[in-house]
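Subject: Structure for you to look at

Hi,

Here is the structure I promised to pass on, with my notes below it. Have a look when you get a moment.

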Amino acid sequence: MAAFDDADASSGSSPLSVAVVGEHGSGKTHVLGAAYQNVCRRGYFFPVILHISDFWSGIAKTYLEGLRQPGPDGRSQLTRWLNRLTKRLELSQEQEERLTNRHTLAKPLLDEIIERLELVAPRWGQESRHAARALILLGAGDAEARDIADSYLTGDEESVPGERIQWGILPTVRPAKQRVQAISRLLALTGPTLLTIDQIDELTARSARGTGDVEPEAIQVLDQFMVGLMDLRDTTARTATVVACQPHSWERIRRFAIGSALDRFEQPEVRLDRIPSPEVGRALIAAWFAPRYEKAGFHPPYPTWPVLPDAFDEVVRVNARQLLQTVRRHVQSCLDSGQLREMTALSEDRAPASTVPAMSTLSALDEKYATLVATADIRDAVQPETENSRMAEILEGTLNCYAIEQARPFEVAPRPGGNPWFHAQLRLPPDGSDVEQSWSFRAIATSSPPASQRVLKRLQDSAGLDPEFPHRRAYVLRTGNWPTNTPKAGQRLAAFRKAGGVVIDRVSPEDLKVFAALTQLRNAMDPEFDRWLRARRPAGKTTLFRTVFGNPSSPVDGPAPEPEPPPDAVQPLFGWPPVDPDSEPLDDLETDEPPTLPLGTTEHGTEVHGSLLSLRKHTAVFAGSGSGKTVLLRRLIEECALQGVSSIVLDPNNDLARLGDPWPAPPPGWRPGDETRAERYLRDTEVVVWTPRIEGGRPLSFRPLPDLAALVDDPDEFGQALETAVAALAPRARVDSATAKADRAQALLREVLTEFAHRGGGDLEAFLDLLADLPEGITSFSRAGTVATELAETLRAAVINDPLFGGRGTMFDPATLLTPTAGKRARVSVISLVGLPGEHQRQGFVNQLQMALFAWIKNNPAGDRPLGGLFVMDEAQTLAPSGAMTACTASTLALVSQARKYGLGLVFATQAPKGIHNRIVGNTATQYFGFINSPVQVAAAKEMAARRGSSVMDISRLNAGEFYLVTEGEPFRRVSSPMSLSHHPSSALTPEEVVTRARLGR
């Protein structure tokens, strides 16, 4: 607050920035919230939305969203700025009335106000006049004018040429840093600003120098962030900047700071630690209880009741969040059991009692709820004119209900006003991690293409979507017929999905009726409402919330009366389906803990587990024949399937096609609970065997040409797709050599493909028809017709000779291979290579598969799931060896370096550690070293292990199923891997048996 006072007293410059440093749970975010209450009375408050791709765009969008947010008095900061501006400019009463009460503004009035601004503040008024016009229009009553202003301030291009000029606004886009400077100066004319930057710990952790798993772009991102952070003080006016982070993050910032950059920060920084004394602990809990008791009209026997004052003697061992969580658990236990117990010590960590609320106390609410659902009117929620108020109301109310149902410390963002960037947002503060999780929701009912595109972009920006930050999620709820078939709409939608956004194409009316009923029931403030929510779980059982959050935890009481889910429920995304309400729930999905996989058991009997999230950083298995390598791969695939994660598995040796077979009898290697897990795996997983180039089985083929016609309006995207198409066709047309003739042929292909796209495109056959009968005017090459005919004939021969290229069989689509059918949780697609006997054939096939998979995951990232899918490559040394480049080396390296961003896990297995490309090894965070007896490979394995801190001296004496395991942040451990859940006999299938399985679907 002293820094804010300095900003208030300043005539223009910004004071030194402040760092608030403390471990998670120490109260950093709470301190910033407390400052907010004080700041809004005198100035402006903006909590920064950290955008990884562009620091200054994130700051600019923070200002715009913050201006819309209501303050403690219910008015938005934009309204307060306009009121203060009228006083500063000494406007007439009529001008003030039109400026501050959302009237429609005329350009002459806007011109008068800007002239007055330039007179009162000559330098800042002149330099910021375009931003001033836009900010004033942002508060006007004309929706079209507000959209024009918003597009300028967010840095968008004009939707209609010349629409800004009519308001005197610059038509070109200013850089984000200049927009920040202009907005900051305009705010500074009427008061100081507090700018807070929180939740940066994951960024600094990912970019920590000195660790072995840091990508260059991560270092670059932190460098850009640091440069922006140090420039903030010089760019903004009368602005106090506060950075809140953990100690390790602050130390990394200090190390990254250049020269005297840290001179822009106050020294020493503010340090938050554990609760210093019992008195402070008692004061904290008393302050937490006080407003709740006041609202209930209750006078407790003592301020911390029912936590006895002596219980706080242990408080110096915990931080603020841990204390609040402990007290919450005790309170919840009392509520669930219906019995009051005073808490005598913080070490009383009682689980909530299992006493079931009496049915009679809840049946009245059951009846009221059923009536409200049956009579709910949701028309206002799906109308463009009213969705911003009504949809925001019922989404916010239902998210509050969901937080109570789950008994977790969720926070629901205040309901936004005006034309909001999101309708509702749920947050989960950090607890044992460095980051806050968030789920943002925005409905779109408009039929206007520009309006729907702006909404998508604003939601993406306000949610801070980035594939690198999967804890930020955003969902568009399509309630109207907003168009997606225009080039710009398609590009905007693709960008939203690529960043991690999810489109719910059809929101169930039954869900909306439940939302409306719950909101109305919550507003009635029935004293039994919270208990009813925890017993019934109505919000968590809706189709939308099951899709977003997964299956709700088990209710305390019997099933809630709820409407039936619609038959056209939301389709699963990226191989992680929403839980089928009629299937038996998996224990793994009922816990609040992150899903884990059993990796093995140590010599002392300790189970070693890994998280699904860790598989994003890839796994390598180095082990020879007889080591148990195949069993290990099978169990990894099976455990992922149990968690709802689908897999694509390359099977070069015919020993993975049995992944859907049950054991005839429980095998000796099973552990307690494995029999039940095997039943669940076989029941809930479908295993599909694919046989490229074998039509008698289940063949696969590739689309030789991308959809060029859909990209002609985007020069960059079209250029990339065109180069991909030429690169795919040139080898088949035998013109991929470094000769002048080949260069001319490729140029001709490029010109004909361009013409083909502008004519509407089509499949390969349509392109070959155009190529064989070349129209005049496409090219200026001499003998173009003859060359084109030869190219067409050569490509037709390739279609005949190679079924994969010709398109016979199922077209390869990762969505098909990773999406289970209804009633199943996961699909395991085993791609047998029996139809590709030669190494060159296999390498060419895998190259096409990986290019298609890479393109698909970029447009379909895992989003809010820890892992979206698994790709398993056995015998990896034959596909991406350490020596000469193969046809699939480049695509393998591209996949291994980039797939983690989009949520695809990779598993590489090889008998030859020395034979696999070293960049693959360097990009695997989890590594297994099993039995190897070749001296050359043993030496290579020991060298690799030495880099990770172990000698693995007895690797040549390990038994089957024994491995040395190293995971990120953990030392080497010798483990025994679990037996597979599916049948794994000693002999592999014959090629004929594989083909039969593929054909029969078993």
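Helix H10 (176–188) contributes the most to the lining of the second largest cavity, namely four residues. This is a predicted model, where local features need pLDDT of at least 70 and side-chain atom pairs pLDDT 80 or more, while totals for chains, interfaces and linings use all residues. Numbering runs from 1 along each chain as its sequence is written, and side-chain values use heavy atoms, without hydrogens and water.

Helix H8 (129–138) and helix H9 (143–153) also supply at least two lining residues each. (Helices are DSSP runs of H or I, at least four residues, and strands are E runs of at least two, numbered from the N terminus.) Among the lining residues are Glu127, His130, Tyr152, Arg174 and Gln178. By type, the lining has five nonpolar, three polar and three charged residues.

The other thing I looked at is helix H35 (residues 991–1000), where Val994, Val995, Arg997 and Ala998 are buried (under 20% relative accessible area with a 1.4 Å probe, protein chains only; exposed is over 50%, partly exposed in between). Those buried residues line one face of H35, because they fall within an arc of 160° seen down its axis (taken from the directions from the helix axis to the C-beta atoms). On the other side of H35, Glu992 and Leu1000 are exposed. Strand E15 (685–690) and strand E18 (826–832) are included in what covers the buried residues.

Best wishes

Key:
Contact means heavy atoms within 4.5 Å. On a 1 Å grid over the protein atoms alone, a cavity is a set of points where a 1.4 Å probe fits but cannot get out, and a pocket is an open set with protein on both sides within 12 Å along at least five of seven lines; lining residues have an atom within 4 Å of a point. Ala, Val, Leu, Ile, Met, Phe, Trp, Tyr, Cys and Pro count as nonpolar, Asp, Glu, Lys and Arg as charged, and the others, Gly among them, as polar.
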